[in-house]
Each structure stands twice: as C-alpha cells, then as structure tokens.
Amino acid sequence: MAGCKTACYTSVMRYRFIILGGIVAGGLIAYYFLWAHLVDQVAGRATAWIESQRAQGREVDYDRMRLWGFPYRLSVTFENLRWHDPQSAADWDLQADSVTAHLQLWKLEHVIFDLGGSQRLGWRPAAGAARQQAILTSARFLASMATDAAGAWQRFDTDIRQPKLAVGLQDWAAERLRLHGRRGGNVPPSTDLALQVDNGVLPPEADGPLGRNVAALTLVGNLRGALYGKTPEEMLRTWRESGGILDLSTIGLQWDGLKLEGNGSLAVDRQMRPLGAMSGQIYGATHGIDALQALGRMTDKEAGAAKAALVLLEQPDGEGKPHLTVPLSAQDGKLFLGPVPLFSLSSVLPAPAQP
C-alpha cells in the first residue's frame, strides 16, 4: 500500500514538472514570436522612412541591416548608412559607419542610439563653392530620444566619449561631451538645453592668452528662436533674425587658471560673432592678466595697474577665496572683462575649406 502511494506521488510530481516545463517552454516560444513580431515592426518603420525619403527625391542606402537584441531589446543596425539630398541648395549628404537603434519591449517610445566609427556631414555653401565637410569621430557615441504618442520628440540626451570634430580647417576635441535637450514652448520655438564639456581642446586658430585647453565648460539654459535654412550659414542667420537668443541660468568655465561662475545671455551679431553679456564671479583674474602680459597684449605698466586695481576690487567668498564680481560681455568682436577688452572673437561659423 505504501509502495503504491509513493509511486502515485512520484507519478503526480513528474506530471506536474512536465506540465510546468511545458508552460515555461510555451511561454518562451510565445515570447520569442512576440519579440520577432515587434522587431519586424521596428525594421518595417525604418524601411518605411527610407522609402518615404526616396519618394521625396533623396538618396538613402546602406550596406547591411541586422536585426538582433533578443531577449531584452529590439535592435536594428545599419552598416555604412548613407543619406543625400541632391535637390537641396546645399546638396546635403550624411554618412555614418554604423547606426544602431535599441528599443525596449515595455518602452517603445524611448529609443537609444549607438553610433560607431565616424560620421560625416557634407554640404555646399553656395553654387560653385567648394564643398565643406564636418567629420566626427569618438571612442563611444550614445544618444537617446523620447517621443510622445504622435511621434514628436520630447527629450534627447547625448553622451560622447573622446569626440574629435574636424570642420573645415578647424579641429575640436574633448575628453567627454554631454548634451541634454527638452522641448519647451512652440511659439516661439524653445528648447531647454544643458551642455557639459570635459577637457576640451580648441582649434589652433582659437589659441588666445589662456591657451587652447579648456578644463570644463557647463551651460544650462533655454534656446529660443526659429532655426531653419539650407546651410549652416542660413540656419544661423534665420535664428539671429528671428530674435534668437540663448538664456543661460548657469555658466561654468575653468580655463587654465581662470574660473568663472555666473549667468547671462548669448546671441550672434551680423558678422556671426558671439554677442552677449553675463554676470557672476571670476576667480584667478590675476592669472589672466599674467597671460595677457606674456603675450604682449598688456604692457608691464598696464599689468601692474590692473593687478593693483584687483587688490581693491576682489572680495573673499564663503571659503575665503578672492574673487571678482564684474560683468563679462562680448560685443563688436571682442570679449570684455568689465570695460577692459581681453581678446578678439571670430565668427562661430567654420572656416571655409580650401578648394
């Protein structure tokens, strides 16, 4: 009797495990088919976008499309993705070595992008002009975008490690660049922005009294104004003519021995040079004077007088560190510390490429 009970119990447990295993296996199979269906939908959307671009006369092509990411993500990778708009006045073209879009099954409105290799943007400033190109390379390029139910973007984030940007004759580099944006109002168009640059290196043309190495730059604010056009020059011009302005609630700069903290606003003048003003605290102003003196921008007499004035103007902060509270402004192609011109400012547009 006891042996029968044991055998029956063992048999029941075996069937339970078989049933449980069947349920688990069936669930995994169902999940795989769901994943395959969703990743096919993602690929279908990407293909539909490509076909819509081609229908508008633009050229879109790639070497290979790969679907992957099971079981946690829906991932689509395009290798050597190319886009060209021959009908545009600027003859825009864009090429990326590798573009991967990741989506999560439970959060399809949030897309994560991973760009590998280099990205190249080309354009022609005017008919008959030499073609210009911007080339970006990096150790890692991650970005993300969140959209609403209608597909309109609401927020984006970019994190680039060791970016190197070559635009025309100018080369920019940094250890890390982070950019965050969030949609603001629509009338006028506005976007909340936050930029963080670590250990930036300016192009040789921008080598001023403080050198080319910028230890840190932080900007937090709101960008207002219409930004559209066929070339970077037209986009910047329409932004300026529509009252474009960047209101900055936070400005942080560490450049050589100079440290700046404050807030202000920034625009561009008719020559596309920086135009704006800020107020805040400046640390290390004496170091800036020494740099100007070393380059011959200030005579020994002028430097001595400026340092003597700083002794009277500087005040200790909460930690006892001396700082100077003066306005910093950019106008007429020069950067001013109070009424004192520091150095000249050039156009923010890239230098034209050699024909």
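Which element has the lowest mean pLDDT, and which the highest?

## Model confidence

This is a predicted model. Helix H4 (residues 300-313) has the lowest mean pLDDT among the elements, at 74. Strand S1 (residues 59-61) has the highest, at 96. The protein as a whole averages 84. Of its residues, 93% reach 70 or more.

## Nonpolar cores

The largest nonpolar core holds 28 residues. Trp255, Leu260, Ile282, Leu328 and Leu342 touch the most other members. Strand S14 (residues 245-255) is the main contributor to this core, giving five residues. A second, separate core has 22 residues, including Val99, Val111, Ala143 and Ile160.

Tryptophan 255 also has contacts beyond its neighbours within four places in sequence. Its partners there are Leu202, Leu210, Gly211, Asn213, Val214 and Phe343.

## Aromatic pairs

The whole structure contains seven aromatic pairs. In one, tyrosine 32 meets phenylalanine 33. The ring centres are 6.0 Å apart and the planes stand at 70°, so the pair is edge-to-face. Tyrosine 32 is partly exposed, at 40% relative accessible area. Phenylalanine 33 is exposed, at 54%.

Tyrosine 32 also pairs with tryptophan 35. This pair is stacked, with 6.0 Å centre to centre and 25° between the planes. Both residues belong to helix H1 (residues 2-55). They are three residues apart there, so about one helical turn separates them. Tryptophan 35 is buried, with 7% relative accessibility. Ring pairs join Tyr32, Phe33, Trp35 and Phe70 into a cluster.

## A charge over a ring

Lysine 259 sits over the face of tyrosine 283. The distance to the ring centre is 5.8 Å.

Technical notes: Residues are numbered from 1 along each chain as its sequence is written. This is a predicted model: local features need pLDDT of at least 70, side-chain atom pairs count only at pLDDT 80 or more; totals for chains, interfaces and linings use all residues. Side-chain values use heavy atoms; hydrogens and water are left out. A nonpolar core is a set of buried Ala, Val, Leu, Ile, Met, Phe, Trp, Tyr and Cys residues joined through side-chain atoms within 4.5 Å. Buried means under 20% relative accessible area, exposed over 50%, partly exposed in between (1.4 Å probe, protein chains only). Helices (H or I, at least four residues) and strands (E, at least two) are DSSP runs, numbered from the N terminus. Contact means heavy atoms within 4.5 Å. pLDDT is the predictor's confidence in each residue, from 0 to 100. Rings of Phe, Tyr and Trp (its six-membered ring) pair if their centres lie within 6.5 Å; planes under 30 degrees apart count as stacked, over 60 as edge-to-face and the rest as tilted. A charge sits over a ring if NZ of Lys or CZ of Arg is within 6 Å of the ring centre and within 35 degrees of the ring normal.
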